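Biologist: I am new to this structure and would like to go through it by question and answer. Please show it first.

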Amino acid sequence: MVFKKMLQKIGVGGVSVDTVLTDPRCRPGAPLLGEVRLAGGEADAEIEHIALSLATQVHNGRGGRSQTEFHRVVVAGATRLTAKEQRTIPLTVPLPWEAPVTEVSGHQLPGMELGLRTEVSIAKAVDKGDLDPVIVEPLPSQDAVLEGFGQLGFTFKSATVQQGQAYGVRQELPFFQQLDFYPSGQFAGRVQVVTLTLVASSAEVTVLLEADRHAGAFGAGGQGRFQAGHEEAAEQDWAARIRDWLTQVVETRQVQMMHSGYGQPGYGRPGYGEHGYGHRERRGPGMGGVVAGVAGGVVGGMLLGEMLDGDDEGGDEG
């Protein structure tokens with residue numbers, strides 16, 4: 001059975017406009033499908049245009065955020081709607097490849113808001129309806145990366161959309177999404193927060209990793225970049241890749257500290273000599289379980305994040 005969701009109903013000049021999506025659930029690069037239903041009022045109306053816009057909350061790097069429209073499609077130009085006339089206009093709104101993910105494994109990402117708004121212009125009067133939710137699920141290539149964090153047992157901290165350009169990545173949209181995780185196991189206490197940025201295009205996905213992006217001195221220096229086609233990325237062992245990258249980050253910090261006289265024997269290589277890094281086998285609850293756990297503990301996680309590394313939702317735009 002086709003699932004339909006009424007998104008909005010607005011009226012301008014006696015004209016009623018309903019926007020209906022066949023399914024509000026979508027993936028980057030795929031189209032949202034549906035129709036706009038018009039109902040005339042008591043008199044004829046000259047409609048100048050009907051447009052649909054996608055919007056999301058974007059952080060500006062200075063502690064503020066605003067609702068930003070990032071994709072607009074005009075579904076009807078100038079047209080006359082006669083009194084009491086009923087008309088249906090099919091709609092197709094392609095979701096940009098860089099659209100931020102709002103749901104993982106059936107669980108809403110806390111803090112993420114994305115929706116569709118209908119704009120109608122009649123007699124120079126423009127009416128914009130409320131923003132109604134659109135659910136964006138990750139591509140299989142993105143989901144594989146997220147699952148890697150879940151397999152490592154990492155704890156989801158927060159998700160934000162940051163204004164600006166991710167460093168070294170070609171973007172079409174004026175923002176990018178960041179997902180923060182608390183490390184566990186051999187990295188707990190050695191790395192405070194790992195930040196993930198996923199930027200997709202029609203051909204590939206770019207994976208940016210950063211350890212403790214707000215740390216100073218010997219906490220810094222942890223960036224990773226991986227790029228792969230969607231099929232290749234979906235098949236990779238991301239838990240192993242993330243683990244290897246973090247091991248290098250911790251070992252680099254150890255060298256820096258040893259050269260400066262702050263080193264501790266064995267720092268950054270817990271259990272390495274005894275068991276061998278490559279033989280650690282650990283599966284966490286998967287990304288769905290990680291995100292689901294946030295629903296009951298998001299306040300505690302936020303407080304823990306403040307104690308560890310302060311407010312890190314600010315403005316790193318690269």
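Biologist: How many of the 12 residues of helix 1 are buried?

Modeller: This is a predicted model, in which local features need pLDDT of at least 70 and side-chain atom pairs count only at pLDDT 80 or more, while totals for chains, interfaces and linings use all residues. Residues are numbered from 1 along each chain as its sequence is written, and side-chain values use heavy atoms, with hydrogens and water left out. Helices (H or I, at least four residues) and strands (E, at least two) are DSSP runs numbered from the N terminus, and buried means under 20% relative accessible area, exposed over 50% and partly exposed in between, with a 1.4 Å probe and protein chains only. Helix 1 is mostly covered, and its buried residues number nine.

Biologist: What distance does helix 1 reach from its first C-alpha to its last?

Modeller: Helix 1 covers residues 140-151. The expected span of a helix is 1.5 Å times one less than its number of residues. For the 12 residues of helix 1 the expected value is 16 Å, and the model comes close to it with 16 Å.

Biologist: Which residue with a positive phi follows helix 1?

Modeller: Among the buried residues of helix 1 are Phe149, Gly150 and Gln151. After the helix comes a residue with a phi near 80°, and that residue is Gly153.

Biologist: Which aromatic cluster includes Phe149?

Modeller: Rings of Phe, Tyr and Trp (its six-membered ring) pair if their centres lie within 6.5 Å; planes under 30 degrees apart count as stacked, over 60 as edge-to-face and the rest as tilted. A search of the whole structure finds five such pairs. The cluster that includes Phe149 is made up of Phe149, Phe154, Phe156 and Phe181.

Biologist: Why does the pair of Phe70 and Phe175 count as edge-to-face?

Modeller: Phe70 is buried at a relative accessible area of 11%, and Phe175 is buried at 3%. Phe70 lies in strand 6 and Phe175 in strand 16 (residues 175-182), so the pair ties together parts 105 residues apart in sequence. The ring centres are 5.3 Å apart, and the pair is edge-to-face because the planes stand at 90°.

Biologist: Which residues of the largest nonpolar core touch the most other members?

Modeller: A nonpolar core is a set of buried Ala, Val, Leu, Ile, Met, Phe, Trp, Tyr and Cys residues joined through side-chain atoms within 4.5 Å. The largest one has 65 residues. Its largest share, seven residues, comes from helix 3 (residues 238-259). The members that touch the most others are Ile50, Leu54, Phe149, Leu196 and Leu246.

Biologist: Is Thr102 buried or exposed?

Modeller: Thr102 lies in the loop between strand 8 (86-94) and strand 9 (103-104). Contact means heavy atoms within 4.5 Å. With a relative accessible area of 2%, Thr102 is buried.

Biologist: Which residue forms a salt bridge with Arg25?

Modeller: A salt bridge is a side-chain nitrogen of Lys or Arg within 4 Å of a carboxyl oxygen of Asp or Glu, and the count comes to 12. Arg25, in strand 3 (residues 25-26), is linked to a residue 112 places away, in the loop between strand 14 (135-136) and helix 1. The closest N and O atoms are 3.3 Å apart, and the partner is Glu137.

Biologist: What distance separates the C-alpha atoms of Glu204 and Glu232?

Modeller: Glu204 is found in strand 18 (residues 204-211) and is partly exposed, with a relative accessible area of 29%. Leaving aside neighbours within four places in sequence, Glu204 is in contact with Val199, Gln227, Ala228, Gly229 and His230. Glu204 and Glu232 are 28 residues apart along the chain, and their C-alpha atoms are separated by 8.9 Å.
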